[in-house]
Amino acid sequence: AAPIRRPTTTMERIRLPGPILIIKAHSQRGAGDPCDLACYPFGQRKVLSTDQAGRNFLYDADTRDVAAMPKFHKHKLRRCLSLFVPSGGDGEGDDREGGGGGSLYLMVRELREVKRYKIEVGQPSMDFEVLFYGNGRTTSHCKRLRLPPFVLEPIHQNEYSEIRSYAVVGRGSHICVSVDGRGTYALDTARYTWS
């Protein structure tokens with residue numbers, strides 16, 4: 001009779017390659033001060049990293065390049081929604097060719113009621129910004145946008161309205177956000193108006 005072969009109980013060891021890139025936050029004041037970092041998808045093979053000072057860097061996984069990007073008006077870290085819309089909104093242009101151009105929309109997910117006397121209706125907010133990149137017509141820059149209309153509706157004192165779901169629709173022509181008890185709002189990405 002043939003000898004019984006017992007299965008091996010050890011696994012072959014493999015060595016992972018060294019890191020290609022290490023991204024970490026840098027303190028503004030010095031060692032020991034709090035620092036934070038957030039990363040957001042920026043197209044198919046790019047990642048935008050931002051720190052507590054609003055500094056932005058774009059990493060391209062295909063070329064392994066890192067590029068400095070414009071600063072946000074206000075740092076965008078925890079609890080932000082992020083939506084990437086390719087250049088042109090129709091999937092053509094830079095993104096189709098692998099360039100990854102487009103716009104990254106970042107909004108704080110928990111929005112407080114805005115008192116009408118503190119902000120004029122329709123004024124841009126630092127809680128909602130868009131970063132434009134590589135669209136071939138302008139240089140990269142950040143722009144503050146208007147918040148959805150529900151922030152002007154009265155709510156209970158110290159209560160936050162949290163955006164529970166969000167999506168890019170119409171091939172990038174609109175961004176939709178939904179808030180419990182408030183409804184769904186759509187931002188026209190060409191005119192920057194809410195409905």
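# Talking through a predicted all-strand model

Biologist: Arginine 45 forms a salt bridge with aspartate 62, with 2.8 Å between the closest N and O atoms. What makes this pair a salt bridge?

Modeller: This is a predicted model, and the name rests on a distance rule: a side-chain nitrogen of Lys or Arg must lie within 4 Å of a carboxyl oxygen of Asp or Glu. Arginine 45 and aspartate 62 come to 2.8 Å, so the pair meets the 4 Å rule. By this rule the count comes to six salt bridges.

Biologist: Which parts does the pair of arginine 45 and aspartate 62 tie together?

Modeller: Arginine 45 sits in the loop between S1 and S2, and aspartate 62 in the loop between S3 and S4, so parts that are 17 residues apart in sequence are tied together.

Biologist: Why is aspartate 62 called exposed, and arginine 45 partly exposed?

Modeller: Exposed means over 50% relative accessible area and buried under 20%, with partly exposed in between. Aspartate 62 has 52%, so the word exposed applies. Arginine 45 has 47%, which falls in between, so arginine 45 is partly exposed.

Biologist: What makes glutamate 162 buried, and which residue is its salt-bridge partner?

Modeller: Glutamate 162 has a relative accessible area of 17%, and the limit is under 20%, so glutamate 162 is buried. Its partner is arginine 164, with the closest N and O atoms 3.7 Å apart; that is within 4 Å, so the pair counts. Glu162 and Arg164 are also linked with Asp180 in a network of salt bridges.

Biologist: How do you know that aspartate 188 and arginine 191 form a salt bridge?

Modeller: Their closest N and O atoms are 3.0 Å apart, and the rule asks for within 4 Å, so they qualify. Aspartate 188 is buried at 10%, whereas arginine 191 is exposed at 60%.

Biologist: Turning to the strands, why do S1 and S4 stand at the edges of their sheet?

Modeller: Four strands form an open sheet in the order S1-S2-S3-S4, with antiparallel pairing. Strand S1 (37-41) and strand S4 (65-69) each have a single partner strand, so one side of each lacks a neighbour in the sheet. Neighbouring strands of this sheet are turned by 25° against each other on average, direction ignored.

Biologist: How do you know that S2 and S3 pair?

Modeller: Pairing needs at least two bridges between the strands. Strand S2 (residues 46-51) and strand S3 (residues 56-60) have five, so they pair, in the antiparallel sense. Within S3, tyrosine 59 is the bridge partner of valine 47.

Biologist: How many helices and strands does the protein have?

Modeller: There are zero helices and 13 strands.

Biologist: What makes phenylalanine 42 buried?

Modeller: Phenylalanine 42 has 0% relative accessibility, and buried means under 20%, so phenylalanine 42 counts as buried. Its place is in the loop between S1 and S2. Proline 86 lies 44 residues from phenylalanine 42 in sequence, with 9.0 Å between their C-alpha atoms.

Note on methods
Residues are numbered from 1 along each chain as its sequence is written. This is a predicted model: local features need pLDDT of at least 70, side-chain atom pairs count only at pLDDT 80 or more; totals for chains, interfaces and linings use all residues. Side-chain values use heavy atoms; hydrogens and water are left out. Helices (H or I, at least four residues) and strands (E, at least two) are DSSP runs, numbered from the N terminus. Axes are lines fitted to C-alpha atoms, for helices over the stretch in contact, and angles run from 0 to 180 degrees between N-to-C directions. Buried means under 20% relative accessible area, exposed over 50%, partly exposed in between (1.4 Å probe, protein chains only).
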